[in-house]
Amino acid sequence: MTVQRRQWADLPDPARAAIEEQTGPVVHIRSAEVGLTSGVAAHITTLQGAVFLKAAPAAAPVAGHLLRERAANQALPVSIPAPRLLWTADVADWHLLLFEHVPGNAADLSPGSPDLPAVLDAVAAISVPAPLPAPSVTGKIRGLLRTAEEHLSVSPADAAYGPLVKALDLDDVAGSTLLHADLHADNLLAAGGKVWIVDWSMACQGAAWVDVALLIPRLIDAGHTPAEAEQVATQVPAWGSAPADAVTALAAVRGLFAARLALVGPEHLRGKRARTAAACRAWVEYRTSRPVRGYGEPMTHPLVAEQRLVADAEADGITKFVVGAVVHRAGQVLILRRTEDDFLGGIEELPSGGVDPGESLAEALGRELVEEIGWRGPLDLDPGFIASFDYVSGSGRRARQWTMAVSGEGQSIALSAEHTGYRWIDPADVASTRLTTESAQVIREWAGR
């Protein structure tokens, strides 16, 4: 749950006086009302300019975070783009920290964002020896592990992640490089072609690649495919030292941690945690080259950049979304014959149908397969395959169909009234069918993958 933050008025009079002795009279305050911690977090405007204040009682649970942030900011090399700590003191049993005010907004991490180069430069700048006796990142990772194991204990559907979780060796994440350990868009402030890294309350030391690995799910959530996110990561030199197995294990642990908090964490953050879990799941699937059932999802699928696919379609003037499937078994592909009185009556086609409002592409495909061929059981789509083509629908709308692939082994076919027959064909025989040119090409692409 969220915590009501303390405000400027909650500071003891001696603390406010000590701050204004440094800044001059305060003329305006913009303070966060709620957050995960109860400390003061406020932009303060004075006659001399703006500063940022963090403060909390020494006895408050958040005090340890403030002390770590104070120690980290006092020791940060000037090469790291971060707001400098201007002044700090302990007054009236309160910890007070004044930082430079940094203009800017949360960095855009999406593909093609103009912020990305500066984000990567900033992350690369962190890769220096820890400038103080910082705690080890293994403490943070142990916390992730405990929550991941807790999630496994209450979610049998995620059992496939168990071996990956057990494979995480804490020695692989240990090291002496400075780590921020909480890189996400809100802690990366962008303005004027530069990015500042803020909130060093989790600063620690460990293997140089760990910060990059913890950032990758944020990139995937922002619209990158896992392959694209890892390619972006190669622009940070520290990523080259990452042990492959440790990266995969950490991705699984991070995802299970997020999945657990998506169920029991602060309500206003559950949606974000669920997206992080989905991003980690997609990343694990990419790295293991196979679907891994889990995180409470009814299916696994390669549509890890669905928002980007939809956004691109909308930008192209597409107003109708359609999904289809190459259902295959023993190298053959299932095709259906459409009823004669339907639009394009009598043609043969892949199982497909429109996406209803509020559905994801994967959800729509699962529903269509149930409706059109009586699909039973889970739907594990083949990773790494998705094809698309555009056409004009019977109502005159511009449509785009995305087609995935799934094994039909063990499935019996039960047609709906939309089709009068079905057959299994060899991809080499598409020319002898009544498939549209587009559907035939999709099957050829699947066969040649």
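1. Basis. This is a predicted model, in which local features need pLDDT of at least 70 and side-chain atom pairs count only at pLDDT 80 or more, whereas totals for chains, interfaces and linings use all residues. Residues are numbered from 1 along each chain as its sequence is written, and side-chain values use heavy atoms, with hydrogens and water left out.

2. With strands taken as DSSP runs (E, at least two residues; helices are H or I, at least four) and numbered from the N terminus, 5 strands form an open sheet with antiparallel pairing, in the order β2-β4-β5-β7-β6. The edges are held by β2 (26-31) and β6 (85-91), each of which has a single partner strand, so one side of each is left without a neighbour in the sheet. Neighbouring strands of this sheet are turned by 25° against each other on average, direction ignored. Two strands are said to pair if DSSP finds at least two bridges between them; β2 and β4 (residues 40-46) run antiparallel and are joined by 5 bridges, and Ser 31 has Ala 42 in β4 as its bridge partner.

3. Helices on the sheet. Helix α1 (residues 13-23) lies across β2, β4, β5 (49-57), β6 and β7 (94-100), and runs at about 155° to β6. Helix α2 (residues 63-75) also packs on the sheet, where it touches β5, β6 and β7, its direction making about 40° with that of β7. Contact here means heavy atoms within 4.5 Å, while axes are lines fitted to C-alpha atoms (for helices over the stretch in contact) and angles run from 0 to 180 degrees between N-to-C directions.

4. A salt bridge is taken as a side-chain nitrogen of Lys or Arg within 4 Å of a carboxyl oxygen of Asp or Glu, and the whole structure contains 15 of them. One joins Asp 13 to Arg 16, with the closest N and O atoms 2.3 Å apart; both residues lie in helix α1, 3 residues apart, which is about one turn of the helix. On the accessibility scale (buried under 20% relative accessible area, exposed over 50%, partly exposed in between; 1.4 Å probe, protein chains only), Asp 13 is exposed at 53%, whereas Arg 16 counts as buried at 18%.

5. Salt bridges across the sequence. Asp 199 and Lys 54 form a salt bridge whose closest N and O atoms are 3.5 Å apart. Asp 199 lies in the loop between β11 (194-197) and β12 (204-206) and Lys 54 in strand β5, so the pair ties together parts that are 145 residues apart in sequence. Lys 54 is buried, at 14%, and Asp 199 is partly exposed, at 24%. Glu 348 and Arg 423 also meet in a salt bridge, at 2.8 Å from N to O, which links strand β16 (residues 348-349) with strand β21 (residues 419-425), the two residues being 75 apart. Here Glu 348 is buried at 6% and Arg 423 partly exposed at 33%.

6. A network. Asp 356, Arg 367, Glu 368 and Glu 371 are linked in a network of salt bridges.

7. Aromatic pairs. Rings of Phe, Tyr and Trp (its six-membered ring) pair if their centres lie within 6.5 Å, and planes under 30 degrees apart count as stacked, over 60 as edge-to-face and the rest as tilted. By this rule there are 2 aromatic pairs, one of them the tilted pair of Phe 389 and Tyr 391, with 6.0 Å centre to centre and 40° between the planes. Phe 389 is buried, at 14% relative accessibility, and Tyr 391 is partly exposed, at 27%.
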